[in-house]
Amino acid sequence: MKLPFLGACLVSLFAASAAVAAPPHEHGVARLDVAVEAGRITLMLEMPLDSLVGFERAPRDEAEREAAKVAVARLRDAARLFRADPAAQCKPAVAEIDGGPLTGGASHDGHADADASYTLECAAAERAAFVDTGLLESFPRLRIVNVQVATPKGQWKAMLSRPMTRLPLVR
Ligand SMILES: [Zn+2]
């Protein structure tokens with residue numbers, strides 16, 4: 001589980017640069033960090049719970065518990081959320097999920113995120129020209145995915161919004 005370590009890095013970066021609290025997330029907007037390296041494509045997703053289930057705390061009744069169950073199952077459905085270019089010869093993605101209050105965690109100042117990481121083991125990761133994403137199909141409340149791509153050939157930002165669900169991995 002690498003998420004807590006990464007979180008600590010981000011917090012110290014913020015502290016060093018501005019000495020202010022991280023800005024609150026924007027509902028409807030998720031963040032996706034994609035790393036392409038030898039043998040592997042890794043995707044780290046951070047999404048406001050509002051975009052996942054419409055509330056940002058532990059479920060309070062049967063309907064909310066059901067909504068949480070469905071949302072977490074969709075987050076876990078890595079093969080539907082991320083399909084790499086067949087040229088990269090990847091195995092189906094493997095997911096690690098932290099659903100925040102949906103999976104027993106806490107919310108902060110009334111807001112909460114779900115964090116998920118997806119790993120694809122690939123025989124030829126460097127040949128992947130794209131990843132097809134199912135995020136906007138699986139989560140109707142989500143409008144925009146801000147993406148940061150890092151490959152051996154460079155780093156850049158990208159954005160996904162309907163109907164654009166294919167993320168290019170080459171420029
Ligand atoms: Zn929120």
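I count two strands as paired if DSSP finds at least two bridges between them. Strands (E, at least two residues) and helices (H or I, at least four) are DSSP runs, numbered from the N terminus. This is a predicted model, in which local features need pLDDT of at least 70 and side-chain atom pairs 80 or more, while totals for chains, interfaces and linings use all residues. Residues are numbered from 1 along each chain as its sequence is written, and side-chain values use heavy atoms, with hydrogens and water left out.

Strands. I looked up E1 (residues 29-37) and found that it pairs with E2 in the antiparallel sense over seven bridges. Asp-33 has Met-44 in E2 as its bridge partner. The two strands form a hairpin with two residues between them, and Gly-39 in the turn has a positive phi of about 80°. E2 is also joined to E5 by nine bridges, again antiparallel. Seven of the nine residues of E2 (residues 40-48) are buried, that is, under 20% relative accessible area with a 1.4 Å probe, protein chains only; exposed is over 50%, and partly exposed is in between.

Glu-56 is buried at 8%, whereas His-111 is partly exposed at 30%.

Serine. Ser-138 is in helix H5 (residues 135-138) and is buried, at 3%.
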